[in-house]
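Please keep the sequence and the structure in view while reading.

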Amino acid sequence: MKLRRRTTTSSPLGNLVEAPGGSRKPVNAPRPGPRGWRGPGRGGATYVEAAPEWRATTVQACGLWPFAAGTGSPMTGVPLGRNLVSGATLCCDPISWFQRARLISNPSCFVLSKPGLGKSTVVRRMALGLAGYGTIPMVLGDLKPDYVDLVEALGGQVIRLGRGRGHLNVLDPGEANEAADRLTGTARAAVLADAHGRRTTMVSALLTILRTSPPTDREESILDRALKVLDERSRAHGRTPVLADLLAVIREAPEDVRAVAVDHGRIERYRELTEPLEASLLALLGSGRLGEIFSSPTSHPMRRDRPVVFDVSSINDAETDLQAAALLACWSAGFGAINIANALADAGLEPQRHYFVVLDELWRALRAGRGMVDRVDALTRLNRQGGVGQAMVSHTMSDLMSLPTAEDRAKARGFVERSGMVICGGLPSAEMPMLRSVVGFTRAEEDLLVSWQDPPAWDPDAGAQADPPGRGNFLVKVGGRPGIPVHVALTSVETEKGLHETNARWRVTSRIGASRDQLAALPAHLPATATVSADLPAAAPVSLPADLPASLPAVPDVPALRP
Ligand SMILES: Nc1ncnc2c1ncn2[C@@H]1O[C@H](COP(=O)(O)OP(=O)(O)OP(=O)(O)O)[C@@H](O)[C@H]1O
Ligand SMILES: [Mg+2]
């Protein structure tokens, strides 16, 4: 048999062998790998892009089988961002998860993380989304302020409280009297009784903060009865009482009040018994520690049909008593309004409204004074019946565990335990044992939370630090179920309107270091963002232009400074 000599030629497809008859067949032809031809110029890809994903309903996507995959993340509620593991969208807020998805046992959430990692931002997103669903956001005491821009953008009410800024009369029944006029029978009595009880409690709370001890039983009875007498008179005259009127009634010593003071018919004894009360009420009237904020007529009455924020940011952090009193007054007014709304809805006179109550910076409120833990405690137990969803925000469990008495600590712990969901951002590892005792975390979840609190990297070129790696990352925990890790993505609405900016005060470059003389000598072409510093020319005696403003205008268009 004659063998024909094999001739081979090479081609990009491999060696071609000339078969008998002249045709050429590939032998052991190399094939491209899963990422294409390797080597320069051959188009091989070392990086494979993730396939594009679309979200669709089961009805729309069924024809794509088997390429469809379930998300595993709940899709009911306010869109927060993407699941960090699966990339699926996560929708989450306490009201939708309680009311519609029935995923949690009560409509509340507790948000914990180290400062600056986005707690207020995630709660603000929930408030924004819930407003879209028809729930009314109510921020009862914004100490920073973090929510004023949002509520303004939603067309809501911004009520400013502070020395010389705005007043909240603690004896103002709000809309209770008008609501009572529209109701009958027990509903009417209940609204009036609630308004009365709320106001007596508020006066007692102010006295407690002022004296650092609660009023006696006898004093509470005197206050209660004196307020009833005052209400009858005020309703007859159609005017809202203030604390000075309450003091006047106590001094006047009407029979009803003397009866509960148990003075045995002796006016001298009555004066003796009411003297400490008079002194304390007098202290609440003037410009004392608690200021005139609570004793003057309410400057901006709160409405129950609009988003509302009480801006108490002007109160100095050092004035813990005043902060505590202001927060209590805001909570009292807010929950009073919710009670009225519910009574009118039950009577079929108004639609049932749902509220989303935000208690941000809870640690500051709790630390501010005695009685605060009890007050929040009472509030959190009622949220299901009251048609109220709520979000509490604090830094760490240690804030709650550092309260002075064991009783307060146990109650504060209960806030986290009873919350329908706990949302945790970056936390230090020292927090974990405390947190674990309240919510079940796996080891991997704990490691994740600790990794999110890592400090940001320095950027030596920009001379600034990058964003913290864990900013906007949260783990949503419901009971002992596995947590859902999510990154809260800011939307264009939030970034363009500056709604997320809680560092707004740092947006402009400071220029107040310069004297008026130096400022007058500034060259006209000085760039707007330049910081006036010591290397300015020494101030020459110049005559100031008459129109030089006393304070400098804000520098326009300065890019936001990142911490
Ligand atoms: N998901 C996010 N993406 C980008 N930036 C964010 C995100 N969340 C928050 N930020 C930015 O981080 C800064 C701090 O956010 P935020 O005030 O919400 O934090 P915080 O945890 O409430 O802080 P604090 O404990 O001081 O109250 C803000 O400037 C905000 O714009
Ligand atoms: Mg905050």
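## Helix α7 and the residue after it

Just after α7, Gly 238 takes a positive phi of about 65°, in a model that is predicted.

Which residues of α7 are buried? They are Ile 222, Leu 223, Arg 225, Ala 226, Leu 227 and Leu 230, and the buried residues of this helix pack against α6 (185-211), α8 (243-252), α9 (255-261) and α10 (267-285). An α-helix has 3.6 residues a turn, so residues three or four places apart point the same way.

## Helix α3

Helix α3, made of the 14 residues 119-132, reaches 20 Å from its first C-alpha to its last, which is close to the 20 Å expected at 1.5 Å a residue. Twelve of its 14 residues are buried, so α3 is largely enclosed by the rest of the structure; among them are Val 122, Val 123, Met 126, Leu 128 and Leu 130, and also the residues Lys 119, Arg 124 and Arg 125. Just after α3, Gly 134 takes a positive phi of about 100°.

## The chain as a whole

The secondary structure of the chain comes to 19 helices and 16 strands, and 36% of its 563 residues count as buried. Among contacts between residues at least 6 apart in sequence, 66% join residues at least 24 apart.

Key: Residues are numbered from 1 along each chain as its sequence is written. Chains are lettered from A and ligands numbered from 1 in the order in which they are written. This is a predicted model: local features need pLDDT of at least 70, side-chain atom pairs count only at pLDDT 80 or more; totals for chains, interfaces and linings use all residues. A residue is buried if 20 or more other C-beta atoms lie within 10 Å of its own, exposed if 12 or fewer, and partly exposed in between; C-beta atoms are placed from the backbone. Helices (H or I, at least four residues) and strands (E, at least two) are DSSP runs, numbered from the N terminus. Two residues are in contact if their C-beta atoms, placed from the backbone, lie within 7 Å. The expected span of a helix is 1.5 Å times one less than its number of residues.
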